[in-house]
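This is a walk through one structure, taken piece by piece. Please keep the sequence and the model in view while reading.

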Amino acid sequence: EPEQEQQAALKPATQAQRKASTEYPAPLDSAIDYIVRLDFSEPVQAAALRTALGEDDFGKPVQWLALNATGQWEPLAAARERLELTTLCGGLQLADRTGAIGSEDLNRFTQHVQQVGEMLSAVVQLPERNAALDTAEKLDAFCADVDILVGVNVIALEQDTFLGTKIRALAEAGGFTLARDGTYQYCDEHGTALYSLSNQESAPFKADDIKTLTTHGLTLLFDVPRIPHGLRAFDHMIVFARQLTESLRGLMVDDNLRPLTDDGVAKIKQQLSLIYGKMDKNGIPAGSARAQRLFS
């Protein structure tokens, strides 16, 4: 009887583990990843698994997540060396801003996974490659359609220039922080950069040089597919652009250096609304984790 009780107590945990082993763990995403799975006949230590996988480059980012003996998924890179793992899932991203995954890279990836499976006595599951390549091409076409940067420029009139110290004061008063890439970034409460302020000329903004810097123009840049609540962020950028224009006594212009009127701003917002609608319809909302990965 005690043995029966013990079996009954263990049964729910075993079912939970079995349930976990049939699911793909986040952040792997079957909509944008080619997901492979290796089920080991005997548990494999994390260090041995990392050694077997090596550091191969397959042209696109790869994420590896492993299932431990307690039924928990964790990133393989962070797993303790001696941790015993029963299952491994890998996701090769199908597209990003450099284009779609190529058949050669995908073939190398599947061959590599099969070799690792043979080496570690694993049952390997590989999705159909042609279907994955087709998905990659469709993702790439979609991304090309909505991958837009909106730039608003504030330029100095005639022979005038803007002083670096004045730009810094306005940026800091507006809640911007100076980033390592030499731009000022405006971030939301979660630390997500919503738009940037950069020098239209080649010199980046640097804390040490700002006192002597002068420029004929500034650019505010908005990365459309990567920004959550985009219309709100765009409105905020336009308000700040107008503040800059007034304070620096410049002129607000579009990328073709034409004066940016209220009608021009309204047309950009209309275009943004169409893009965001298209992204929502395709299950890739702007600023979502999926969009952040595709537009990286």
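Histidine 216 is found in the loop between strand 13 (214-215) and strand 14. Helices (H or I, at least four residues) and strands (E, at least two) are DSSP runs, numbered from the N terminus. The model is a predicted one, in which local features need pLDDT of at least 70 and side-chain atom pairs count only at pLDDT 80 or more, while totals for chains, interfaces and linings use all residues. Residues are numbered from 1 along each chain as its sequence is written, and side-chain values use heavy atoms, with hydrogens and water left out.

Is histidine 216 buried or exposed, or partly exposed? Its relative accessibility is 41%, so histidine 216 counts as partly exposed; buried means under 20% relative accessible area, exposed over 50%, and partly exposed in between, with a 1.4 Å probe and protein chains only. Contact here means heavy atoms within 4.5 Å. Not counting residues up to four places away in sequence, histidine 216 touches Ile155, Ala156, Asp160, Thr161, Phe162 and Glu201.

Glycine 217 has its place in strand 14. Glycine 217 counts as buried because its relative accessibility is 0%. Leaving out residues up to four places away in sequence, glycine 217 touches Val154, Ile155, Phe162, Asn199, Gln200 and Glu201. The C-alpha atoms of glycine 217 and phenylalanine 162 are separated by 7.3 Å, although the two are 55 residues apart along the chain.

Strands of a sheet pair through backbone hydrogen bonds, either parallel or antiparallel. This sheet is open and has six strands in the order 10-11-12-14-8-15, with antiparallel pairing; two strands pair if DSSP finds at least two bridges between them. Strand 10 (176-178) and strand 15 (251-253) are at the edges with a single partner strand each, so one side of each has no neighbour in the sheet. On average, neighbouring strands of this sheet are turned by 25 degrees against each other, direction ignored. Within the sheet, strand 11 (residues 184-187) and strand 12 (residues 193-199) are joined by four bridges in the antiparallel sense. Cysteine 187 has alanine 193, in strand 12, as its bridge partner.

Helix 6 (residues 230-248) lies across strand 8 (149-155), strand 10, strand 11, strand 12, strand 14 (217-223) and strand 15, and runs at about 175 degrees to strand 14. For such angles, axes are lines fitted to C-alpha atoms, for helices over the stretch in contact, and the angles run from 0 to 180 degrees between N-to-C directions. Helix 6 has 19 residues and reaches 26 Å from its first C-alpha to its last, close to the 27 Å expected at 1.5 Å a residue; the expected span is 1.5 Å times one less than the number of residues. Among the buried residues of helix 6 are Gly230, Ala233, Phe234, Met237 and Ile238. After helix 6 comes arginine 249, with a positive phi near 55 degrees.

What are the residues with the most contacts inside the largest nonpolar core? They are Leu197 and Phe222, in a core of 77 residues. Helix 6 gives the most to this core, with eight residues. A nonpolar core is a set of buried Ala, Val, Leu, Ile, Met, Phe, Trp, Tyr and Cys residues joined through side-chain atoms within 4.5 Å. Leaving aside neighbours within four places in sequence, phenylalanine 222 is in contact with residues including Leu149, Leu194, Ala233, Phe234 and Met237.

Another set of strands begins with strand 2 (residues 62-68), where five of the seven residues are buried. Seven bridges join strand 2 to strand 4 (residues 84-93), and the two run antiparallel. Tryptophan 64 has glycine 90, in strand 4, as its bridge partner. Strand 2 also pairs with strand 3 (residues 73-75), antiparallel and over three bridges, and leucine 67 stands opposite tryptophan 73 in strand 3. The hairpin of strand 2 and strand 3 has four residues between the strands, and glycine 71 takes a positive phi near 85 degrees there.

Lysine 138, in helix 4 (residues 129-146), counts as exposed because its relative accessibility is 56%.
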